[in-house]
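Visitor: I would like to know what stands behind the labels used for this model. Please set each value against its rule.

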2 protein chains.
Amino acid sequence: MHDRISSLGEKKLISRIISRARSVFGSSEVMGLGDDAALIDAGEEFLVLTSDLLLETRHFPDPGRPRDMGWKTVTVNMSDLAAMGSRPEGFILSVALPDLELEFFDSLMDGVIEACCHYQAPLIGGDTNEADEIILSGTAIGRAGKDRVLLKSGARPGDLVAVTGPLGVGAAGTELILSGRDRGGFENAVERSLRPVARIEEGLILAESGLVSSATDITDGLVSELGELMDASGTGMRIYEERLPLGREVPEIASILGRDPLELALYYGEDFELVFTAPLTGMEELSDMMELHVIGEVTGGGGIEMVDKDGVTYKLHVRGYEHLSPG
Amino acid sequence: MHDRISSLGEKKLISRIISRARSVFGSSEVMGLGDDAALIDAGEEFLVLTSDLLLETRHFPDPGRPRDMGWKTVTVNMSDLAAMGSRPEGFILSVALPDLELEFFDSLMDGVIEACCHYQAPLIGGDTNEADEIILSGTAIGRAGKDRVLLKSGARPGDLVAVTGPLGVGAAGTELILSGRDRGGFENAVERSLRPVARIEEGLILAESGLVSSATDITDGLVSELGELMDASGTGMRIYEERLPLGREVPEIASILGRDPLELALYYGEDFELVFTAPLTGMEELSDMMELHVIGEVTGGGGIEMVDKDGVTYKLHVRGYEHLSPG
């Protein structure tokens, strides 16, 4: 009778918005809806546009580091550009802020500007408001070649699936920070959590190669994003536990915190890597050009499966996983 | 020692961000910074981009009307496009929401999509998050001719100053709603507050005429925006009280609420009109093409002055006004 949006979950909520928009606007008008970023025709290229909003209380494990908050706000948006294989062109920042100390505010803005410099995306506009907590909403603008832009759709059965770097590191770092435990020896994981770096160069290499059939970033969790590629492409996915490139510190941090390292690598998010698919020959070519780790293959259907170290096949869901067959 | 951002105020805060950005990026890279929207080179045209964030508790006098909240979120962004004389091309919505009833959520989205249709700007992307209150962050994308785009800078002494419609109506409607009093007879003012309409067509006429020397929208209040034109153009401004086109219901609503109608018209904001400057001959040409009300003229300097009905000249400040000379 009075259903709430929590009964749908974020994915179904977004699908609900998209289907409402698609019923009203022509499909050529809403290119990119459901992808990591929107596409606007700009003559010979696409302009690529994305918007992500972060809240002090939900997206920053250590809100005492304003410079990192500014950096991360830019980076989460740049990661969506990377996922589309686009080159950053500018950044717009809308903020709503409580009455911060000016020093804190300046550090926040230093982090934004530092990141804009790093990604070569000048800060070109913005808006300020008052609020009870810090709200940072970014819009990133990039460009991509029309026949080169990376989309979630296009994976074909038989293609290989790869990621651009280690898994679970951002998750482990974030959980370590939230636990309040000693961070000594785990500086890399902490840094990956507080100052992640978007894979812009990798996205450009993938796009310019013309070898990639589908791609996205895994900031919302690897399995969730595999689901996105699968749904957009109308395929299935199979990954192999022993091929997952867990970050070297992930097992130790997971052990300290009593967490499952695999869960951090598969479901948590906070890793700013890309996941993509390409045919075998294309993947071989790409492996000469950049770091990549093949973790599985695209299948004809049947959802997302994981083959564990004993050869047992599990069915993975966007949240949690269940036993499929006893091997 | 520990100054807070409230000691600066919004304008100085924005100036602070802009000067930090300008010290880092080239001026050609940050075109539009400080204007209503950012400009991106798109070959023969500019892409015009703006982002505005609205909060349930601060920007919506009647949060029981979700459809209007959605509409207004789109409209505040479209008003920035109108101020630049640009044609809408798309809209991106980032939301952070508490666990709303699905019916409320659907109405909110219906309002967004209805407005996107009205402005012919398809919903092309977005992002969802959880939050304790409703946060709606929009990004509007438009196009403008490179030699036609309307900027805040360019007003020259001797130009006339005009607005596109009545003043104080949105303010009076908003205050009436917030007062909880009977709205009977004031449906127009209430509608202007809850479902404002951005002056896209008027902006396009102004831009395409090539007759306008500077322009902006007055959603933040007429005097504040005159100050923006003045600062960007290096001029002064003089307006005449008897020329101000107060909305017909504004004096009555102001009287019911014990408010100064002039204060509602000059300082409150919530009117989605444009203010612009043009030479006398240009203004005459424009007056044949659209509704406009000349309210004053651009001066060589000396801030913003208002000549009252008795011929007494006041100096206006962005907040409040003080006596300048006894006439």
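Visitor: How many salt bridges does the rule find across the interface of chain B and chain A?
Guide: The rule finds 12 salt bridges across that interface. A salt bridge here is a side-chain nitrogen of Lys or Arg within 4 Å of a carboxyl oxygen of Asp or Glu. Over all chains, the count by this rule comes to 52 salt bridges. This is a predicted model, where local features need pLDDT of at least 70 and side-chain atom pairs count only at pLDDT 80 or more, while totals for chains, interfaces and linings use all residues. Side-chain values use heavy atoms, without hydrogens and water; residues are numbered from 1 along each chain as its sequence is written, and chains are lettered from A, ligands numbered from 1, in the order in which they are written.

Visitor: What makes Arg58(B) and Glu130(A) a salt bridge?
Guide: Their closest N and O atoms are 3.7 Å apart. The rule asks for within 4 Å, so the pair qualifies. This pair crosses between chains, from helix 2 (residues 56-59) of chain B to strand 4 (residues 123-130) of chain A. Helices (H or I, at least four residues) and strands (E, at least two) are DSSP runs, numbered from the N terminus.

Visitor: Why is Glu130(A) called exposed?
Guide: Glu130(A) has 57% relative accessibility. Exposed means over 50% relative accessible area, buried under 20%, and partly exposed in between (1.4 Å probe, protein chains only). Glu130(A) therefore counts as exposed. Arg58(B), at 38%, is partly exposed.

Visitor: Which other salt bridge joins chain B to chain A?
Guide: One of them is Arg20(B) with Asp106(A), the closest N and O atoms being 3.6 Å apart.

Visitor: How do you know which residues count as contacts between the chains?
Guide: Contact means heavy atoms within 4.5 Å. By that test, 68 residues of chain B and 67 residues of chain A take part.

Visitor: What is the area buried between chain B and chain A?
Guide: About 6000 Å², of which carbon and sulfur atoms give 61%. Ile5(B), Leu102(B) and Ile124(B) supply 10% of the area that chain B buries against chain A, more than any other three residues. Buried area is the accessible area (1.4 Å probe) that two parts lose on being put together, summed over both.

Visitor: Why are the two copies said to be related as by a two-fold rotation axis?
Guide: Chain B can be laid on chain A by a turn of 180° and a shift of 0.0 Å along the axis, with an RMSD of 0.0 Å. The two copies are thus related as by a two-fold rotation axis. The superposition is by least squares on the C-alpha atoms of residues with pLDDT of at least 70 in both. Of the residues of chain B, Ala42(B) comes closest to the axis, at 2.8 Å (C-alpha). The same surface serves both copies, as 99% of the contact residues of chain B recur in chain A.

Visitor: Which residues of helix 4 of chain B are buried?
Guide: Among them are Leu102(B), Phe105(B), Asp106(B) and Met109(B). The buried residues of this helix pack against helix 1 (9-24) of chain A. Within chain B they pack against helix 3 (66-83), strand 3 (87-97), strand 4 (123-130) and strand 5 (135-145).

Visitor: How do you know the span of helix 4 of chain B is close to the one expected?
Guide: Helix 4 (residues 102-118) has 17 residues and reaches 24 Å from its first C-alpha to its last. The expected span is 1.5 Å times one less than the number of residues. That gives 24 Å, close to the value in the model.

Visitor: What makes Arg67(A) and Asp110(A) a tie between separate parts of chain A?
Guide: Arg67(A) forms a salt bridge with Asp110(A), the closest N and O atoms being 3.9 Å apart. Arg67(A) lies in helix 3 (residues 66-83) and Asp110(A) in helix 4 (residues 102-118), so the pair ties together parts that are 43 residues apart in sequence. Arg67(A), at 37% relative accessibility, counts as partly exposed. Asp110(A) is partly exposed too, at 24%.

Visitor: Is Asp68(B) buried or exposed?
Guide: At 8% relative accessibility, Asp68(B) counts as buried. Asp68(B) forms a salt bridge with Arg65(B), the closest N and O atoms being 2.4 Å apart. Arg65(B) counts as partly exposed, at 31%.
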